[in-house]
Amino acid sequence: MTDADLRTTTTDWQAWQESWDRQQEWYMPDREERFRIMLDMVEATVGTAPRVLDLACGTGTITARLLARLPDATSTGVDLDPALLAIAEGTFAGDDRVGFVTADLKDPDWPAKLPYDSYDAVLTATALHWLHREPLADLYGRVAGLVRAGGVFMNADHMIDESTPRINAAERAQRHARMEQARKTGVLGWTEWWQVAAEDPVLAGPTARRYEIYGDHADGDMPSVQWHARVLREKGFGEARPVWCSPSDTLLLALK
């Protein structure tokens, strides 16, 4: 099914998942590689049947890959976006390994909404960069309280080294040129994807509520890998370092 077909599709949740993947891969062609390494490290550190918190889960992208790789795992997805949660809930309806919680990660009491007090792994990708440093540090403290001793937290996101401005500019120019070329194949970008969602009879309402919550898409901070690792250690993790990186993104693992 193509992105254009979504304009007449209301309940094909897998089609929405695939369209979301294409839109995200337009920005991050190495997206699946970071998920593969993430799950490699989940298995290496906490085994093949982990209890996972999919943090800022969106459509449940990490959960889908987790269960395909580790079918004995369980996952709790938490997010505030009503449209992406609608897709996630539709996708995993009837799967008792998965549950979803609506919560604002800037609310200090959001962990109280979770079904469990602790998790083997907390995983997130390309989501926390919309938080500024202070609320992100606070969030890391709450995440540290949810990860069991010996458990892990992993964040795959944009982490910018401001000490290399020329390298950053070259990478950004190359990435945008590639994205412009890919757009010619008909892949929907962020804005276009949400326009299609707003036209869908099932997602129109949740999409409208999403814009009431978030407004237009806006980024917070994108501190360096060193900042993330330092703050995670300060908040209670024993070790923290990158386990994968691209020219613009890093997968950082923190071990409790």
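Of the 33 residues in the largest nonpolar core, which touch the most other members? The legends below begin with this point.

**Figure 1. The largest nonpolar core of the predicted model.** L53, L55, V78, W110, L128, L139 and F153 touch the most other members of this 33-residue core. A nonpolar core is a set of buried Ala, Val, Leu, Ile, Met, Phe, Trp, Tyr and Cys residues joined through side-chain atoms within 4.5 Å; buried means under 20% relative accessible area, exposed over 50%, and partly exposed in between, with a 1.4 Å probe and protein chains only. Two or more residues come from each of β1 (51–55), β4 (119–125), α5 (133–146), β5 (147–158), α9 (225–234) and β7 (249–255). The greatest contribution, 7 residues, is that of α5. Helices (H or I, at least four residues) and strands (E, at least two) are DSSP runs, numbered from the N terminus. In soluble globular proteins, nonpolar side chains tend to be buried together.

The model is predicted: local features need pLDDT of at least 70, side-chain atom pairs count only at pLDDT 80 or more, and totals for chains, interfaces and linings use all residues. Residues are numbered from 1 along each chain as its sequence is written, and side-chain values use heavy atoms, with hydrogens and water left out.

**Figure 2. Backbone at A56 and T126, and two cysteines.** Although A56 is not a glycine, its phi is positive, at about 55°. A56 is placed in the loop between β1 and α3 (61–69) and is buried, with a relative accessible area of 14%. T126, likewise not a glycine, has a positive phi of about 50° and lies in the loop between β4 and α5. C57 is buried at 6% relative accessible area, whereas C245 is exposed at 53%. The count of disulfides (pairs of cysteine sulfur atoms within 2.5 Å) is 0.

**Figure 3. Helix α6 and its buried side.** Helix α6 (residues 165–183) has 19 residues and spans 27 Å from its first C-alpha to its last, close to the expected 27 Å; the expected span is 1.5 Å times one less than the number of residues. N168, E171 and M179 are buried in α6. These residues lie on the same side of α6 because they cover an arc of only 70° around the axis, the arc being that of the directions from the helix axis to the C-beta atoms. The buried residues of α6 pack against α1 (13–27).

**Figure 4. Salt bridges.** The structure holds 16 salt bridges, each a side-chain nitrogen of Lys or Arg within 4 Å of a carboxyl oxygen of Asp or Glu. D81 and R210 meet at 2.8 Å, N to O. This pair links distant parts of the chain, 129 residues apart: D81 is in the loop between β2 (74–79) and α4 (82–91), and R210 is in helix α8 (residues 204–214). D81 is buried at 3% relative accessible area, and R210 is buried at 5%. D30 and R34 meet at 2.5 Å, N to O; D30 is partly exposed at 23%, while R34 is buried at 1%.

Definitions and conventions. Contact = heavy atoms within 4.5 Å.
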